[in-house]
Amino acid sequence: MKNLFGRPSVWAPLAIAFSLTFGLWLGATFFTAGRSYGPVYDKLATIMQLIDNDYVDQIDTDSLLEASLSEIIARLDPHSSYIKAEDLQAVNEDLDGSFSGIGISFNMLTDTITVLEVIPGGPSEKVGLMPGDRIISINDTVVAGQSWTNERVIRNLRGEKGSKVGLGIMRDNSPKLLSFEVTRGDIPVSSVDASYLAAKNIGYIKINKFAKNTYSEFLNALVALKNDGAENFIIDLRGNGGGFMEPAILMANEFLSAGSPIVATHGRISDVENEILADGSGAFQDACVIVMLDEFSASASEIFAGAMQDNDRGLILGRRSFGKGLVQRQIDLPDNSALRLTTARYYTPSGRCIQKPYTLGSNLSYSMEIADRFRHGEDFNPDSIKFDTSQTFSTLGGRTVYGGGGIMPDIYVPNDTTGISSYYIDVFNAGLLQKFAFNYADRNRSSLKTAKNLKSLLAMLPADDQILQDFAYFARDTEKIPPRWYYINISRNLIVNQLKALIARDALGISAYYEVINASDNAFSQALKEFAGGNAEFPIMTDKFNNNGK
């Protein structure tokens, strides 16, 4: 098959900022650009007007239209969607890179809102809120013991920039209720969960989504790790469902030489026809890279991984990715609702579209595809994967890759179920691991906050056997789950490691959580082995990686 990048590109990564701005402008003016919508639009408007004027009963036509629009869009592909006006802000905030709030993370495992983290430089830190504070009231409304949901708490703490919220705070060292007035401000939404030196010259970066600020966060992490001695990098995109395309393109540009293809988009209209090449400005073109994927890595994650794989520039490790090769454009509607409409497909440098099969208007089988992989054994054996041999492509170095169903890694690592027992499933489903870790961190917060780093914090924790015993009795007393020691011992390492990771997260932040978890993660360990064996050097053209590592 002919490479879709055969024609010269007029797009380079540095032009992406303009293309994003243009796309947003186009969406914002979609209904004011003089475009004619024809008889279908006129028919819908006529029907709604007839119902409003002549129907036997009074009907809320707005609600009827909302339901109708959702049903219409549901008959398209699985990724086009209609977003109601009241939901749009919440949907956009996660990818916009910031929201207006008070700058804390909190825990609601009990009926009391407990502050876990105060964002440095944020509004709450400026007025003196501290980790461990209990929020008893919000704007004179008592919230402690009221069984508020996370969503309700967030709605009350977030608000317009410059607006104020009053908090009643209970603190361990004060017998009185403390009052704070916090002025809401812009709070950054972080895309990089973890960034640390995993080995002498290997940096690890965990990215949870592709938002507007992802590239700048990623680049800052790369530079900081390089300053710490990192020459090679593990980029963990497991569980990353994607987001904006532009950050993935700019990230790939950091590792690719000038003229290397990154991604192409093709659709029915000329506006979406793009072919993007690296501009050669990347500062990490000599670094060795391993990209980690799993079945929940999708969209922008697959764009980045596909660019690295098809250019033979990095080693892809893990399990087959989700398989989302459709591009959505968000179009803002006059009533502040929005339509996310699929307008193009994207293609990796070898010319493959990794979108897995779907049937228009039939999303049930599509949504069950990941579960089907598990039932068919794909999580545990790569031989269970059935490739579409009609979609065969070649990487720059001549290796065979396949389209039509996600990105298959060069090195397959099965799902690790070691330590899973019926006891572990019971305590996990009851949320007891998180509850125990939070209670421990909260009781010992004053001593844990003296830890200078993760190593010193872990040294403060009780011996593994003591933690396990304490947890077993906690599960018994809290949820009446009896200590079944045969099964507890099967899950011993898994439970202890997760408890330590969760305590580290509550005490030091989420980066510490991944540092503990990765120490016992089989995919992470395999990545370190590939670096040690020299297998991550590029270009990857040895027989070991032909046919996707089989």
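Predicted model: local features only at pLDDT ≥ 70, side-chain atom pairs only at ≥ 80, totals over all residues.
The accessible surface of this chain comes to about 26,500 Å², of which 53% belongs to carbon and sulfur atoms; accessible areas here come from the Shrake-Rupley method with a 1.4 Å probe, and for residues only the protein chains shown count as cover. Residues are numbered from 1 along each chain as its sequence is written, and side-chain values use heavy atoms, with hydrogens and water left out.

Let me begin with the chain as a whole. Its secondary structure comes to 20 helices and 21 strands, where helices (H or I, at least four residues) and strands (E, at least two) are DSSP runs numbered from the N terminus. Of the 550 residues, 47% count as buried, and by that I mean under 20% relative accessible area, with exposed being over 50% and partly exposed in between, again for a 1.4 Å probe and protein chains only. If we take contacts (heavy atoms within 4.5 Å) between residues at least 6 apart in sequence, 70% of them join residues at least 24 apart.

Now to the aromatic residues. Rings of Phe, Tyr and Trp (its six-membered ring) pair if their centres lie within 6.5 Å, and planes under 30 degrees apart count as stacked, over 60 as edge-to-face and the rest as tilted. By this rule the count comes to 14 aromatic pairs. One of them joins Phe218 and Phe255 edge-to-face, at 6.2 Å centre to centre and with 65 degrees between the planes. Because Phe218 lies in helix 7 (residues 214–227) and Phe255 in the loop between helix 8 (245–253) and strand 13 (261–266), this pair ties together parts that are 37 residues apart in sequence. Both of these residues, Phe218 and Phe255, are buried.

Phe255 also forms an edge-to-face pair with Phe304, at 6.3 Å centre to centre and 70 degrees between the planes. This second pair links distant parts of the chain, since Phe304 is in helix 9 (residues 300–310), 49 residues from Phe255, and Phe304, like Phe255, is buried. Ring pairs link Phe218, Phe233, Phe255, Phe284 and Phe304 into a cluster.

Asn363 itself sits in the loop between strand 18 (338–347) and helix 10 (364–367), and with a relative accessible area of 28% Asn363 is partly exposed.

Ser147, in the loop between strand 6 (141–142) and helix 6 (150–157), has a positive phi of about 60 degrees although it is not a glycine. Asp312, found in the loop between helix 9 and strand 16 (315–318), likewise has a positive phi, near 50 degrees, in a residue other than glycine.
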